[in-house]
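Here is a short briefing to read alongside the model.

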Amino acid sequence: METDEYAKGIVISGRVKDVDLAVELFMEAASAGRRTTLMYNALMSAYLYNGLDWKCRKLFIEMKKEVVPTIVTYNILTSLYGRLCLVPYMERIFLEIKEANLSPNITTYNNLISGYVTAWQFDKMEWIYAFMVQGPVKPDIQTHFYMLRGYAHWKKVDKMESIYELVKDHVNEKDVVLVRTMIAAYCDSSDADRVRKIEALMKIIPEEDYRAWLHVKLINVYAQENLIEHMQSYINDAFNRNTRVVTKNVMLSIIAIFFRCNAVEELAKFLKQAESARWRICRSLYHCKMVMYSSQNRLEEMEKVLEEMEQSNIDPSKKTFLIMYRAYTDYGHRTKVEQVVGAMFKHGFEIPEDAFSS
């Protein structure tokens, strides 16, 4: 075989994850006197594709003793170090390119931007992009994909949207992962129109392409936006899919909307379902339920919440007793007030200042 045929064979072997065959072809070519830069690049690429980082770096060291690296060689290394978040090494390779009087190409700059995005060094990502816009090597569609991802992770929604407009059709057709990343950015943003934008992007994602983490984010968004029906729809879907919510902040958002809407029956139903589904159960859930019952003078039901807490192995806190104390005080149940004060003494909690007033 010719040298380029060996190289193609090595690359293809790497792509089908047959590294042993790639090495075998490389050694065969070397025995035939074809130990060239092209061959080394092909095997480095095979190692990179299969996650054999240390072999890729070791081969580069051996390569420099035999042949002269090309820009393709250095591009493989910038990609390698970028994926590993080894930014100083990646930047050192970029300096070696200049020292070797080689011209960086679009792949070089894209690898740099990708590396900075992976390492969450967004200022440097933006600097490289600005340099490309002004320089001889202009951004391509892959550059914009990386920038879109970077701005989404950076929560720079305005800049994310401007990049999205440049590659909108390509993203919508080919990159569902990027669409999900944009939705996540909107979920974490304070954009006044985020619900409409989220729902527009959700239409692009196939129904079978379900991600539990994104589903939980959407529950949180609808709770924050006071869209209780939408939130409950997503909650019911999560229960059906056996998706668990284990984040306290999301549970607090759910509690807050039930409280704002004075939906104690819905809260009680949700709490039972959440307990059965092994969601993150916090004391605030029970406290909210107690406060809402007390506001409607449903004191017996408020008292039963204590039993529910005990069944869930959640001990009452000072706030638990204060909720009961205020409820009994407001409705003139003096005997109950005294019982609560006694319980607070027993648990070592500070007694309200007005507890002994006439």
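C85 counts as partly exposed, at 37% relative accessibility (buried means under 20% relative accessible area, exposed over 50%, and partly exposed in between, with a 1.4 Å probe and protein chains only). This is a predicted model, in which local features need pLDDT of at least 70 and side-chain atom pairs count only at pLDDT 80 or more, while totals for chains, interfaces and linings use all residues. Residues are numbered from 1 along each chain as its sequence is written, and side-chain values use heavy atoms, with hydrogens and water left out.

**Backbone with positive phi**
- C85 sits in the loop between α5 (71-83) and α6 (87-99); helices (H or I, at least four residues) and strands (E, at least two) are DSSP runs, numbered from the N terminus.
- Although C85 is not a glycine, its phi is positive, at about 60°.
- N242 also has a positive phi, near 60°, and is a residue other than glycine.
- The loop that holds N242 runs between α14 (228-240) and α15 (248-260), and N242 is exposed, with a relative accessible area of 68%.
- As background, most residues other than glycine have a negative phi.

**Overall build**
- The protein has 20 helices and 0 strands.
- Its C-alpha atoms fill a box of roughly 100 × 40 × 40 Å along the principal axes.
- The radius of gyration is 30 Å, whereas a compact globule of 358 residues would have one near 21 Å (taken over C-alpha atoms, with the globule rule being 2.2 Å times the number of residues to the power 0.38).
- Of the 358 residues, 44% count as buried.

**Positions along the chain**
- Y6 belongs to helix α1 (residues 3-15) and is buried, at 4% relative accessibility.
- Between the C-alpha atoms of Y6 and I314 there are 67 Å, with 308 residues separating the two along the chain.
- R326, in helix α19 (residues 318-330), is partly exposed at 40% relative accessibility.
- The C-alpha atoms of R326 and V340 are separated by 10.0 Å, and the two residues are 14 apart along the chain.

**Salt bridges**
- The whole structure contains 17 salt bridges, each being a side-chain nitrogen of Lys or Arg within 4 Å of a carboxyl oxygen of Asp or Glu.
- E303 pairs with K336 in a salt bridge, with their closest N and O atoms 3.2 Å apart.
- Because E303 lies in helix α18 (residues 299-311) and K336 in helix α20 (residues 334-347), this pair ties together parts that are 33 residues apart in sequence.
- Both partners are partly exposed: E303 has a relative accessible area of 24%, and K336 is at 30%.
- E350 and K318 meet in a salt bridge at 3.7 Å, N to O.
- That pair links distant parts of the chain, with E350 in the segment after α20 and K318 in helix α19, 32 residues apart.
- E350 is exposed at 56% relative accessibility, whereas K318 is partly exposed at 31%.
- D237 and R241 form a salt bridge at 3.3 Å, N to O.
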